[in-house]
Each structure stands twice: as structure tokens, then as C-alpha cells.
Amino acid sequence: MGSSLRVLGVDPGLTRCGVGVVDVAADRRANLVHVGVIRTSPDLPIAERLHLIAQGLRDAVREHRPEVVAVERVFAQQNRSTVMGTAQASGIALLIAAEHGLRTATHTPSEVKAAITGYGSAEKLQVQTMVARVLRLDALPQPADAADALALALCHAWRGGSAGGAAVVDASLTPAQRAWRAAEKARR
């Protein structure tokens, strides 16, 4: 893709940790490199589950050589055990990035939804549909964790995310991207 940015997106979770790698060009066109889910059994001890997630993320980094890792920012949830597992998996993703000397970024679910769909409260199906459209996929990425990982990677690249100072930026924004930028400016 010439001068593109390769981003590894991670949708952290203990049972299903979404992993998506995309190449995003300066004109915002994106190509799918890899998508998958690292699965662990709830029957395993937490240490073993985190080890399996770390192993899967290390494999993804070694195989696909991203320039930056974008991880979903943990936010408060009603279910304390869910947020703890998400936070633990998120920490593993950030650790693996640091082990490989990669830059990292975190994005909230609403930031990702706004970047991908133009609406920060979009439903999962809307995110999956837009990810499939942007990446020119024949089918929606499944499961939703995989689509969310791809959405995180796209969000980071479209926000001008950088690796070594080479930002992916272009003046011709989509309507969703313009809406997201306007919302970001209003928030500041």
C-alpha cells in the first residue's frame, strides 16, 4: 500500500480478545491484514488465561509487525468481574506492545463508534457493517469482538494516529469522520 500505517487493534476480554490488523493509507483507504479472536476458557485459572492472551498477542505482533497498537480503553461497567477481566486483558495488550517497542493508544468505545459510524452510541451491527464496508469485506467480521478490534485500528489511524511521527491524515474526510472531528473539537 505504499506509505501506510499498520495498526493492531485489540478489543480486550478474558473469554474473547478481539485482534485486528489493518493497513491504512494516507488517503484513508484501509486493507484488512488479519482478524481473529483469542479465546480462553472460563474454567482455567486467571493466570493461565492471561498467559494465553499474551501468547496470542505476541504471535500477532511477530507475524504482522504493526507499527502501533490501539486498545479499547476500559470504562466503568455494572458488572465488576467483567470490567476487571477487560482491564487485565487490556494491561496484557499494553505490556506486549511495550515488550516490542511499539507505540500504544487507547480509545473509548464511543470514540471508536463515532469514528467508524459518525455516531458515538451506534449499535454493534452498525459498527460491523461500517467496518465491512470500509475494508471491502464480503461478510460482516464475526464475532463482534473481531469487528471491534478492526474498528479500534481504523479509529486510531483515522484520528491521525502515528508511528514514528508518520500520521495518516488527509483533507478529504468522510461524513462520519467529519462528525467525529467536530465532536472532538466541541469536547475540548
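Start by selecting strands β1 (residues 4-11) and β2 (residues 16-25) in this predicted model: the two run antiparallel and are joined by eight bridges. For one of these pairings, click on Val10, whose bridge partner in β2 is Val19.

Now widen the selection to the whole sheet. Five strands make up an open sheet with mixed pairing, and their order is β3-β2-β1-β4-β5. Step from one strand to the next and the twist averages 20°.

Keep α5 (residues 144-158) on screen and select helix α3 (residues 109-117). Their axes come within 9 Å and cross at roughly 75°, so α3 is roughly perpendicular to α5. To see the contact, show Glu111, Val112, Ala115 and Ile116 of α3 together with Ala151, Leu152, Leu154, Cys155 and Trp158 of α5. Eight of these residues are nonpolar, one is charged and none is polar.

Finally, color by confidence. The chain averages a pLDDT of 87, and 82% of residues score at least 70. Helix α1 (residues 46-64) has the highest mean, 98, while helix α6 (residues 175-187) has the lowest, 61. Over residues 163-172, pLDDT stays under 50. Where pLDDT is low, the predicted coordinates should not be read in detail.

Terms used
Residues numbered from 1 in each chain as written. Predicted model: local features only at pLDDT ≥ 70, side-chain atom pairs only at ≥ 80, totals over all residues. Heavy atoms only, no water. Axes fitted to C-alpha atoms, helices over the stretch in contact; angles between N-to-C directions. Helix = DSSP H or I, 4+ residues; strand = E, 2+ residues; numbered from the N terminus. Parallel < 35°, antiparallel > 145°, perpendicular 65-115°, else oblique. Contact = heavy atoms within 4.5 Å. Nonpolar A, V, L, I, M, F, W, Y, C, P; charged D, E, K, R; others polar. pLDDT = per-residue confidence, 0-100. Pairing = 2+ DSSP bridges.
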